[in-house]
Amino acid sequence: MAWSEPKSCWGMAVSYEFHITRADRWPENVHWSESQCEVIGFNEWENLVKADPELAIDYSDRLTIDELERLVDGTPELAECRSEVGFRFSKQQARRLKELAEDLKGDAAPDPEAIESDTAEWVGHPNGEERCFWFEHGSISTKNPDLATLDKMLQIAGSLNACVRGDDGELCRRYGQRFECFEPERGWCPLEEFHRGRPDWGQDILREIAQSPFGTRCVP
């Protein structure tokens, strides 16, 4: 299915991802995402979203291509959203599609085998920003998190007996009011120190931390 980024949090050309995972041992020969650890199950993901009033499934992600075609063809608001590569939705059209998809799929029991990637919107961001998490291959991920989103990930990880890792494999934790990252060669260091010099997401998170009233320090 070809989407045109109906989720604003996916519309980032250059990004850095963080993952909630049970890969809690630093891998020696394989990337952490390929480790044979216990995965987070789809039922755990579903129960997590149902139990958290700040999370809401984006049912448009569960549409088959035939269902999507029918909704587009039968909904005047979605007219002219087709493009050469699939579909291109405005924010208003994406919102309408989500409403229609929830009406169609909300009461149906999902088939985990048919869902490659499932998305939940986080509606509890303190600044009202549009953020989402997606479940895929036994882990839960997001792109370019700000501090509030990273904190939410750590809360979710704690409830699932999991940990939070960045794309480079580093572990992440909250230490008081601060965020820290870990890798064996460096130990625990402030998040901004670990990611200093990163050309993408790092610049934004460093700017946010610099404006935060809290300082940082390494933990012995």
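**Exercises on a helix face and aromatic pairs**

In helix α2 (residues 65-73), the residues Glu-67, Leu-68, Leu-71 and Val-72 are buried (under 20% relative accessible area; exposed means over 50%, and partly exposed lies in between, with a 1.4 Å probe and protein chains only). Helices (H or I, at least four residues) and strands (E, at least two) are DSSP runs, numbered from the N terminus. The model is predicted: local features need pLDDT of at least 70, and side-chain atom pairs count only at pLDDT 80 or more, while totals for chains, interfaces and linings use all residues. Residues are numbered from 1 along each chain as its sequence is written, and side-chain values use heavy atoms, with hydrogens and water left out.

**Exercise 1.** Explain why the buried residues of α2 line one face of the helix.

*Solution.*
1. Seen down the axis of α2, the buried residues fall within an arc of 130 degrees, so they line one face; the arc is that of the directions from the helix axis to the C-beta atoms.
2. The face turned away from the buried side carries the exposed residues Arg-70 and Asp-73.
3. The buried residues of α2 pack against β3 (82-83), β4 (86-87) and α3 (91-105), where contact means heavy atoms within 4.5 Å.

**Exercise 2.** Classify the aromatic pair of Phe-18 and Trp-201.

*Solution.*
1. Rings of Phe, Tyr and Trp (its six-membered ring) pair if their centres lie within 6.5 Å; planes under 30 degrees apart count as stacked, over 60 as edge-to-face and the rest as tilted.
2. For Phe-18 and Trp-201, the centres are 5.3 Å apart and the planes stand at 65 degrees, an edge-to-face pair.
3. Phe-18 lies in strand β1 (residues 17-21) and Trp-201 in helix α6 (residues 201-210), 183 residues apart.
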